[in-house]
Amino acid sequence: IIAARFLGSKGGFHQGRALVETAPGKWRFIDHAGKSYGSAPGFDDADMFSEGLAAVEVGDKWGFIDRSGVFVIQAHLDPVSSFAEGLAAFRSGRKYGFIDHGGKIVIPPKFDFVHDFSEGYAAVETGQEWGFIGKRGTFRIPPSYALAHDFRDGLAQVSPRWDAKWAYISRQNRMIVAPRYDEAEDFHDDLAQAGTRKDGNL
C-alpha cells in the first residue's frame, strides 16, 4: 500500500513505475513500494516508461531517463515521443526525425510530422501528403495520402483525399479495403470497427 501523499498521477504502473505529481507542476516516478526516482523536486513534465526509458522535460527541453532515474539522453531536445520499436521521434525546428536509445540521430529531421513506428513502418507527412518509411528513413510507401494511421495487424487506415472516405492498405501498398467508411478504427485480432454515416449517424 502506498500512502496518499501525492497531488496527482498519470495513469497507473507501466514497466514497474508510476508517474506522480509531487509538487505543483513537478513529476517524479515511484515503484510499487513508493520509492521515488528522479531528482527532486521533479520534472516539469514526463511520459510513461516505454522500452525501459521515459521521456522527461526539464525547463523547455526533453531527454530520457532509465528506471533508476538516471539520464540516458540528456535534456537537450525539443518535444519527443516515447520509444517504439527502438526509435523515438524528435523535433528540430519545424521538422521531425528519429533517435535511437543512445540519442543518436538515426533518421534526420526532414518530415513535417511523424507517427511512432509500428510493425516496422512509421507514417510521415511531407508536403501535405502522408506516406510510410522504414527504419532507415527511406519511403516504403510513397507519400500519396491525405491522411494515414499506423499499421496494425498488417493493415493501415488511409484516406486518399481530404474529402474521401477511409480505406485500408497493406504494407505492400495494396488497397485491401476500398475507400468506403466515414469512421474507421485500427485492426486488432483481425477485426476493426468501421462504419458509414446515414442521416448524420453512424
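A salt bridge is a side-chain nitrogen of Lys or Arg within 4 Å of a carboxyl oxygen of Asp or Glu. A search of the whole structure finds seven of them. The model is predicted, so local features need pLDDT of at least 70 and side-chain atom pairs count only at pLDDT 80 or more, while totals for chains, interfaces and linings use all residues. Residues are numbered from 1 along each chain as its sequence is written, and side-chain values use heavy atoms, with hydrogens and water left out.

**View 1. Lys26 forms a salt bridge with Asp44.** The closest N and O atoms are 2.6 Å apart. Lys26 lies in strand E3 (residues 26-30), and Asp44 in the loop between strand E4 (36-37) and strand E5 (45-46), so the pair ties together parts that are 18 residues apart in sequence. Strands (E, at least two residues) and helices (H or I, at least four) are DSSP runs, numbered from the N terminus. Lys26 is partly exposed, at 23% relative accessibility. Asp44 is also partly exposed, with a relative accessible area of 28%. Here buried means under 20% relative accessible area, exposed means over 50%, and partly exposed lies in between (1.4 Å probe, protein chains only).

**View 2. Lys135 forms a salt bridge with Glu85.** The closest N and O atoms of this pair are 3.7 Å apart. The bridge links distant parts of the chain, 50 residues apart. Lys135 sits in the loop between strand E14 (129-133) and strand E15 (139-145). Glu85 sits in the loop between strand E8 (71-77) and strand E9 (88-92). Lys135 is partly exposed, at 38% relative accessibility. Glu85 is partly exposed, with a relative accessible area of 31%.

**View 3. Lys95 forms a salt bridge with Asp112.** The closest N and O atoms are 2.5 Å apart. Lys95 belongs to strand E10 (residues 95-99), and Asp112 to the loop between strand E11 (105-111) and strand E12 (113-114), so the pair ties together parts that are 17 residues apart in sequence. Lys95 has a relative accessible area of 32%, which is partly exposed. Asp112 counts as partly exposed at 27%.

**View 4. E10 pairs with E9 and with E11.** Two strands pair if DSSP finds at least two bridges between them. Five bridges join E9 to E10, and the two run antiparallel. Arg91 stands opposite Tyr96 in E10. Two residues lie between the strands in the hairpin of E9 and E10, where Gly93 takes a positive phi near 65°. Three bridges join E10 to E11, again antiparallel. Ile99 stands opposite Ile105 in E11. The hairpin of E10 and E11 has five residues between the strands, and Gly103 takes a positive phi near 90° there. Four of the five residues of E10 are buried, so this strand is largely enclosed by the rest of the structure.

**View 5. An open sheet of four strands has the order E5-E6-E7-E8.** Pairing in this sheet is antiparallel. Strands of a sheet pair through backbone hydrogen bonds. E5 and E8 are the edge strands, and each pairs on one side only. Two bridges join E5 to strand E6 (residues 54-58). Asp45 stands opposite Glu57 in E6. Three bridges join strand E7 (residues 61-65) to E8. Ile65 stands opposite Phe71 in E8. Five residues lie between the strands in the hairpin of E7 and E8, where Gly69 takes a positive phi near 90°.

**View 6. Ser50 is found in the loop between E5 and E6.** Ser50 is buried, with a relative accessible area of 18%. Contact means heavy atoms within 4.5 Å. Leaving aside neighbours within four places in sequence, Ser50 is in contact with Gln15, Ser82 and Phe83.

**View 7. The largest nonpolar core has twelve residues.** A nonpolar core is a set of buried Ala, Val, Leu, Ile, Met, Phe, Trp, Tyr and Cys residues joined through side-chain atoms within 4.5 Å. Its members include Tyr121, Trp130, Phe132, Ile141, Phe151, Val158 and Ile169. The elements that give two or more residues are E14, E15, strand E16 (147-152), strand E17 (155-159) and strand E18 (166-170). Beyond its neighbours within four places in sequence, Ile141 is in contact with Tyr121, Gly131, Phe132, Phe151, Ile169, Ser170, Arg171 and Asn173. In soluble globular proteins, nonpolar side chains tend to be buried together.
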